[in-house]
Every structure is written in C-alpha cells, then in structure tokens.
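Visitor: I would like a close look at one part of this model, the aromatic rings and the helices around them. Please begin with the chain as a whole and then go to the detail.

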Amino acid sequence: MTDELILGIVFPAILFIISFMGKIKTYWRNKAANAFFVVGQHAKTKEERIWGYRNSLLAGNEKAEKFYVIANIENFMQEKPLTPFLISNGTSRHKIPCVFVDYYIPSRYSDFSSWEQRKFTQAVYSFKDGKETCSGQFKEAISRLGLKEDVLVLFMPCSSKEKYMARFARLAKALSFVDGLNPQLLSVTYLNERDSKHLSMDRASITASSNIVVNSDIIGKKAILVDDVITTGNSLREHIEELQMFNVEIVGAVFLAKTMQYPSSLSSIKRKARKEEPNWFRDKYL
C-alpha cells in the first residue's frame with residue numbers, strides 16, 4: 001500500500017473521528033448545561049441556586065445568565081446589605097456612613113428572582129405605600145451605624161405631604177421608642193406637590209428639596225436620614241446640601257433597600273463566574 005493511499009484513508013478517518021468526538025462533547029456539554037439549570041430551578045438554598053446557575057452558564061446555557069446574576073447579586077454589587085459604606089456628604093469632602101437592609105430588584109428582573117427576593121421587594125412597595133412600617137428592619141440597619149450619641153431622625157422628602165406622612169408616620173412612632181433616637185417627622189413644611197421621582201421619566205430634573213422648606217427646630221442639630229430606597233445617591237446629596245445651609249450635620253443615612261445594578265456585559269458576568277469556586281457542594285456531598 002503506497003504512502004499516498006495510506007494518507008488518503010487515514011487522514012479523512014482522523015478528521016471524521018475528531019468531528020465525531022466534537023459532536024459528542026457538544027452533546028454532553030449541552031446535557032450538563034441543562035442539568036445544572038434544573039438544579040438551579042429546584043434548589044432549596046441560595047448556595048445551591050447560585051451553584052446550579054453558575055455551572056449552567058459556564059457550560060454554555062445563556063438562559064442561566066439573569067438567574068445567576070440575580071441569585072448572586074451581592075457579589076456583583078460593591079455595597080453589601082447591613083454593612084456600612086461611605087457616600088459623599090453633599091458638597092463637603094466629608095463622607096457619611098450609609099446602611100441598607102437588602103437589594104431592591106426592579107420589576108423587569110422579577111421573573112428571575114427567588115421567592116425571598118420577591119417578598120422583600122414587595123415589602124419595599126408596601127412601605128412606599130404606607131402599608132408596612134418595616135420598623136424592625138430599619139432598627140437593625142440603624143444599629144449598624146454604631147451611633148455614639150443621641151441624634152435626630154429626619155426623613156427624606158416625598159412628592160407630597162400626604163405620601164410623606166403615609167410612608168413615615170408610623171415608622172417615626174416606632175423609632176421614638178429606641179434609646180438615642182429622636183424622630184422629627186415635622187421637620188419640613190410642604191409648599192406644594194412635585195412629580196414622584198421613581199415614576200418620572202426625567203428624574204434628574206426633580207430635586208429632593210424642590211417642594212419643601214426646612215423648619216427652624218432642627219437648626220444646628222446632628223441627625224441621621226431615613227429613606228426607602230437608594231439608587232444613585234443624588235437625592236440624598238441634594239437634601240444634605242440643603243440641610244447644611246441650616247447647619248444640620250448629617251452623621252449617617254439608612255435605607256430599606258438599594259437598587260441593584262445589573263452588570264454591564266455578559267463577558268463580565270462570565271469572568272465573575274469563572275473566578276468563583278464555591279466549595280459548599282464539595283463540603284456537603286464529597
């Protein structure tokens with residue numbers, strides 16, 4: 001048998017085997033991706049959910065992307081729940097500690113969130129509407145500030161006095177029983193109504209202080225600010241700047257939730273997933 005004939009038979013055979021093996025590899029990779037996705041869907045704990053969606057995504061199932069990100073949102077956010085982080089204090093170089101309870105998941109990602117995440121997001125909506133006080137969660141967040149002295153508790157202005165009172169009146173009463181806190185529900189006077197920021201298409205044009213004036217009884221005092229949700233922090237800075245005009249020193253801020261920020265690209269999500277090597281599965285099952 002000539003060399004040419006051998007090459008004519010062997011080379012195509014090698015190519016066929018390589019192609020066949022590639023197809024087998026793709027087949028089982030897809031099978032694994034789907035199996036991991038099912039694990040994520042049926043997981044009973046947060047750790048199991050993250051593990052399933054992470055491995056499904058890395059195996060090539062891009063349907064797992066949003067499920068993985070939302071389940072693992074804490075590792076995609078710089079600020080962590082119930083952990084103080086610093087934010088600039090208006091125009092001052094001084095920064096103040098802020099604390100939030102958990103992440104607010106916008107409605108466009110609701111279908112990818114867990115039952116616990118949806119429950120908390122619903123609590124945020126209920127607080128905004130004045131249906132829940134969430135006082136226990138706010139007390140826990142305030143305790144994380146580690147305040148060393150008595151302070152006033154001020155509440156972020158709303159679009160109207162009616163919404164302000166509905167949202168904060170019962171919370172103010174609950175916080176009045178906490179040692180060291182002196183809630184000042186009537187620290188501002190409403191001049192008129194303005195558009196609600198979270199409903200407006202042009203948030204930047206609405207300032208937090210555009211429809212209120214600060215009352216004189218808090219001038220020169222130390223205080224913390226309380227609000228429902230922090231997103232960019234711009235509203236907080238605006239109101240702090242106004243309070244600084246009255247020599248009110250803001251020493252901290254507390255929020256029920258922080259709006260999650262979705263990662264910028266799929267490639268950045270996959271980089272994060274590759275870096276994470278959760279060991280709970282090994283510790284539990286191996």
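Visitor: What percentage of the 286 residues of the protein chain count as buried?

Guide: Of the 286 residues, 45% count as buried. Buried means a relative accessible area under 20%, exposed means over 50%, and partly exposed lies in between, with a 1.4 Å probe and protein chains only. The model is predicted, so local features need pLDDT of at least 70 and side-chain atom pairs count only at pLDDT 80 or more, while totals for chains, interfaces and linings use all residues. Residues are numbered from 1 along each chain as its sequence is written, and side-chain values use heavy atoms, with hydrogens and water left out.

The protein chain has nine helices and eight strands. These are DSSP runs numbered from the N terminus: helices are H or I with at least four residues, strands are E with at least two. Contact means heavy atoms within 4.5 Å. Among contacts between residues at least 6 apart in sequence, 70% join residues at least 24 apart.

Now the rings. A pair of aromatic rings is described by the distance of the centres and the angle of the planes. Rings of Phe, Tyr and Trp (its six-membered ring) pair if their centres lie within 6.5 Å; planes under 30 degrees apart are stacked, over 60 edge-to-face, and the rest tilted. By this rule there are 15 aromatic pairs. One of them joins Y109 and Y262, which are stacked with 5.0 Å between centres and 5 degrees between planes. This pair links distant parts of the chain: Y109 is in the loop between β2 (95-104) and α4 (115-128), Y262 is in the loop between β8 (249-259) and α8 (266-275), and 153 residues separate them. Y109 has 11% relative accessibility and therefore counts as buried.

F127 and F138 have ring centres 5.2 Å apart and planes at 45 degrees, so this pair is tilted. The pair again links distant parts of the chain, with F127 in helix α4 and F138 in helix α5 (residues 135-143), eleven residues apart. F127 counts as buried because its relative accessibility is 0%, and F138 is buried because its relative accessible area is 0%. Both belong to one aromatic cluster together with F155, Y164, F168 and Y190.

The axes of α5 and α6 come within 10 Å and cross at roughly 55 degrees, so α5 is oblique to α6. Axes are lines fitted to C-alpha atoms, for helices over the stretch in contact, and angles run from 0 to 180 degrees between N-to-C directions. Angles under 35 degrees count as roughly parallel, over 145 as roughly antiparallel, 65 to 115 as roughly perpendicular, and the rest as oblique. The crossing of α5 and α6 is right-handed. On the α5 side the contact is made by S135, F138, K139 and I142, and on the α6 side by L171, A174 and L175. A crossing is right-handed if the near helix is turned clockwise from the far one by less than a right angle, and left-handed if anticlockwise.

The loop between α4 and α5 holds C134. C134 has a positive phi of about 50 degrees although it is not a glycine, and its 8% relative accessibility makes it buried. N247 likewise is not a glycine and has a positive phi, of about 60 degrees. N247 lies in the loop between α7 and β8 and, at 55% relative accessibility, counts as exposed.

Two lysines lie over rings. A charge sits over a ring if NZ of Lys or CZ of Arg is within 6 Å of the ring centre and within 35 degrees of the ring normal. K66 lies over the face of F112, 5.9 Å from the ring centre. The charged end of K272 sits over the ring of F76, 5.8 Å from its centre.

Last, helix α8. Helix α2 (residues 46-58) and α8 pack at about 120 degrees, with axes 10 Å apart, which makes α2 oblique to α8. Their crossing is left-handed. R54, L57 and L58 of α2 meet L266, I269, K270, A273 and R274 of α8. A43 is in the loop between α1 (3-42) and α2 and, at 17% relative accessibility, counts as buried. Apart from its neighbours within four places in sequence, A43 is in contact with E48 and R49.
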